[in-house]
2 protein chains.
Amino acid sequence: MSPLGGGSLLLAWQLKGKHVLIVGGGDVASGRIESVLAADARVTLITPSNGLHPLTKRFLDGPYSITYHDRLFGGVQDLANVDLVLTAIDDVAQSCVICSLCRELKIPVNVADIPESCDFYFGSQIRDGPLQIMISTNGNSPKLANIIRKKIEQNLPEHAGDAIIRVGELRAKLKERAPGVGGETGKRRMRWMIDVCTSWEMEELALLDDQMMRKLLDDGWEKNAVPSPAEMGARSRQMYSATPNVAAPGILVTTLSFVAGAACASLFLLARRR
Amino acid sequence: MSPLGGGSLLLAWQLKGKHVLIVGGGDVASGRIESVLAADARVTLITPSNGLHPLTKRFLDGPYSITYHDRLFGGVQDLANVDLVLTAIDDVAQSCVICSLCRELKIPVNVADIPESCDFYFGSQIRDGPLQIMISTNGNSPKLANIIRKKIEQNLPEHAGDAIIRVGELRAKLKERAPGVGGETGKRRMRWMIDVCTSWEMEELALLDDQMMRKLLDDGWEKNAVPSPAEMGARSRQMYSATPNVAAPGILVTTLSFVAGAACASLFLLARRR
């Protein structure tokens, strides 16, 4: 093992238009269906209908691209034109058969609960529009992965997903205005986008609309500058001001203590005077 | 596109003992080498030595499992027994040739900077021992992925990596004590491990040593309970007490304000008396 080793290669696998076979219909299978639909896969589900989990049923009844076969896995012919295979069945022997066939055909495969039969593992995940985050403990503790996921979710910048959508749009508009792959223009484009992302707050980026993007490109990119949201006359940040004023309770406590102190001293002195 | 769609399938790809070919020697290639060494891959690097980036050179000089060929990519024979291909070269035509060959041979491939030639993308990553986190914006904004990565890193529970290692060890010891795949024992094991992870703090889990694990299994698992670290006579949490006492400043401010109020009132009343 290398000094760096012991981990996995974390990847964002592309499934748009790809064919994914899922064998099994329980709750694990329903989670798998959700994961691959999120990546725009074409799904084939093979499992007897008497074992369908309610969540799996809901996917079959929904507006999703799923081909369903109400039967057991039928052999190598079920793997024709398949790009990825996920199994989640209790039959260990059958799982091993499917895994061997996939390895022969060089189809990436994940067999739930049998690590040796997996080319890849899943992790705990967060999704906010185009933002996806995966937490893996490399099989050591799914529960801790879950706990860490919740902590990350709580601390995630608000509107991160929206900000990413807007910045993606701004990038596309910039590329239309200053086209070309690589070279000096490519480098300048990248530098300017980095400057925008670092000098604007996430919640400000999330508010960029078409008009503001045009203005940002006219007054910013064309003049090799990054105007601030205020200079741009952007809609006030307060639109999103859900954050409470943390100073307020401090001031209140200080004032009350001051008044209490004054009152006690006054009472003491006035009492002594009499 | 499904209502859920627009994303990727985030995965932890397994490369232990697998053969990864990297074509290119620049700084992007050096990042690729680091990523696959982290997953214990056997690496073959093909690139002329006159274009080697210092970071890539450092990997070649280090204690890593890398086979180096000082030349350009030579064709399909370079893909024999290869499980994954990553290219990071400026020659777009050559990149396309490599990608087509990989697709024919069903070898997963990533061609840097050419999304259409990628079966998968990379994202911004965090590593803490067995803990790995990936942040993907699905190509919309690498810079925002980076900013979000930094925020997550700052808020990550201290000692998360250590806690995961210890919990992985505890799980292995429990499996030795109460073996078997699935069934009632499997379910009880899972429930108990969840109880331990939720009732102990991350920093307490990180302090578990062999002796404490044995005690936890004897006094906890065997009696169907989860003793607290205090009940276990665990080493004090204060060993790791980097967290300041947040109540202290509040009390200080309150006291000072009270005293200030008392002083002001006293001065006022005493001045009036004369």
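Contact here means heavy atoms within 4.5 Å of each other. In this predicted model, Ala160(A), Ala163(A), Ile164(A), Val167(A) and Arg171(A) in helix 5 of chain A meet Pro142(B), Leu144(B) and Ile148(B) in helix 4 of chain B. Sorted by class, this contact has seven nonpolar residues and one charged residue, with no polar ones.

Two packed helices are described by the angle between their axes and the distance between the axes. Helix 5 (residues 160-177) of chain A and helix 4 (residues 142-155) of chain B pack at an angle of about 155°, and their axes are 9 Å apart. Angles over 145 degrees count as roughly antiparallel, and helix 5 of chain A and helix 4 of chain B are therefore roughly antiparallel to each other.

The chains also share an open sheet, in which four strands follow the order 8(A)-9(A)-9(B)-8(B) with antiparallel pairing. Its strands are listed here.

| Strand | Chain A | Chain B |
|---|---|---|
| Strand 8 | residues 124-128 | residues 124-128 |
| Strand 9 | residues 131-136 | residues 131-136 |

Strand 8 of chain A and strand 8 of chain B stand at the edges, each with a single partner strand, so one side of each has no neighbour in the sheet. Direction ignored, neighbouring strands of this sheet are turned by 10° against each other on average. Strand 9 of chain A and strand 9 of chain B pair in the antiparallel sense over five bridges, and Ile135(A) stands opposite Ile133(B) in strand 9 of chain B.

An unreviewed UniProt entry carries the annotation "domain: Siroheme synthase central" for residues 128-154 of chain A. In the model, this span is 48% helix and 26% strand, and its end C-alpha atoms lie 13 Å apart.

Methods: Residues numbered from 1 in each chain as written. Chains lettered and ligands numbered in written order. Predicted model: local features only at pLDDT ≥ 70, side-chain atom pairs only at ≥ 80, totals over all residues. Heavy atoms only, no water. Axes fitted to C-alpha atoms, helices over the stretch in contact; angles between N-to-C directions. Helix = DSSP H or I, 4+ residues; strand = E, 2+ residues; numbered from the N terminus. Parallel < 35°, antiparallel > 145°, perpendicular 65-115°, else oblique. Nonpolar A, V, L, I, M, F, W, Y, C, P; charged D, E, K, R; others polar. Pairing = 2+ DSSP bridges. UniProt positions renumbered as here; feature names shortened; annotations may be inferred.
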